[in-house]
Amino acid sequence: MAEIIDGREIARKLDEKTGAEIKAMLDAGQRRPGLAVILVGEDPASQVYVSRKIKACERVGIESSEYRLPADTGQDELLALIGRLNDDANVHGILCQVPLPPQIDTRLVLLAIDPAKDVDGFHPMNAGLLFTGSEGLVACTPSGVIHLLKSVVPDPTGMDALVIGRSNIVGKPVAMLLLNEGCTVTIAHSKTRNLPEIARRSDIIVAASGIAEMVKGGWVKPGAVLLDVGITRVRGENGKDRLVGDIAFDEVQHAGAVTPVPGGVGPMTIACLLANTVRAAKALDRGKARAPAA
């Protein structure tokens, strides 16, 4: 049986570390880290995600501020709010929940956030720092994937890693992180030829295609480490919905280790967001020069 990588427990330990860092900051006379969360509209999934992030902030001691805007909010109004938050010394991290309404250009919004406060790690400047192996804020889900990997393989140097998915949010940054860890990385996607064959050669598979149970048991060699970023709601044989990942979990029990869905990568995303907020607060309060927003 494959080892189940418990994302909830690993996230809890990271939260404990984050909380301890905040306490040390306060004891040293530094200001409490602050996270501003912006939600435009009433998308049900986004409302759930924002609520979880706010509760997580309370749990570790981050001061959170929530900005809920109506669905018809104009782009200029949203950009003006981000500008004010960029200039607010009590705000160390800014998160604008996506998706945004159609009248708003998501790319422009993400560019408007000060890279030093971009705790989601989506700004091109932070992406470029990651690409060059330099210090910056790293996207939360890819960062969580690496935490989970290193919980079972502390040193993955020299291992063959396959990333299935090429998004700017997960696939590309997680590939860069794996390269930085010394892995030999292949980036693939749903249209890659001979994908099962490539997968069977891989010591590590990060599945982030968004295709439910795409990675079958026959794709996985014994002992491989599997990290499942996908989450899809499907209708079960009993007529009830269930959540599945991009990996056919029941078919891959010959793997060395695998993340479950739910309870794997998901909890780590929020834990890494909190850790990024503290990291940003330390950098800003040390008086580092803020990089100009694009």
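Which residues line the largest cavity? I am working from a predicted model. In it I listed Ile94, Leu95, Cys96, Leu110, Ile113, Asp118, Asp120 and Phe122 as the lining.

Entry on the cavity. I looked up the count and found one cavity of 30 Å³ or more. The space in the largest cavity comes to about 30 Å³. I then sorted the lining by residue class: six residues are nonpolar, two are charged and none is polar. I also checked which element supplies the largest share of this lining, and it is β4, with three residues.

Entry on the sheet. I found an open sheet of three strands, ordered β3-β2-β4, with parallel pairing. The edge strands are β3, residues 63-69, and β4, residues 93-96, and each of them pairs on one side only.

Entry on the helix. I looked up what packs on the sheet and found helix α3, residues 75-87, which touches β2, β3 and β4. The direction of α3 makes about 175° with that of β2.

Entry on one strand pair. How many bridges join β2 to β3? I counted seven, with β2 spanning residues 34-40 and the two strands running parallel.

Conventions: Residues numbered from 1 in each chain as written. Predicted model: local features only at pLDDT ≥ 70, side-chain atom pairs only at ≥ 80, totals over all residues. Heavy atoms only, no water. Pairing = 2+ DSSP bridges. Helix = DSSP H or I, 4+ residues; strand = E, 2+ residues; numbered from the N terminus. Contact = heavy atoms within 4.5 Å. Axes fitted to C-alpha atoms, helices over the stretch in contact; angles between N-to-C directions. 1 Å grid on protein atoms, 1.4 Å probe; cavity = no way out; pocket = protein on both sides within 12 Å on 5 of 7 lines; lining within 4 Å. Points joined across faces, edges and corners; volume = space filled by probe spheres on them. Nonpolar A, V, L, I, M, F, W, Y, C, P; charged D, E, K, R; others polar.
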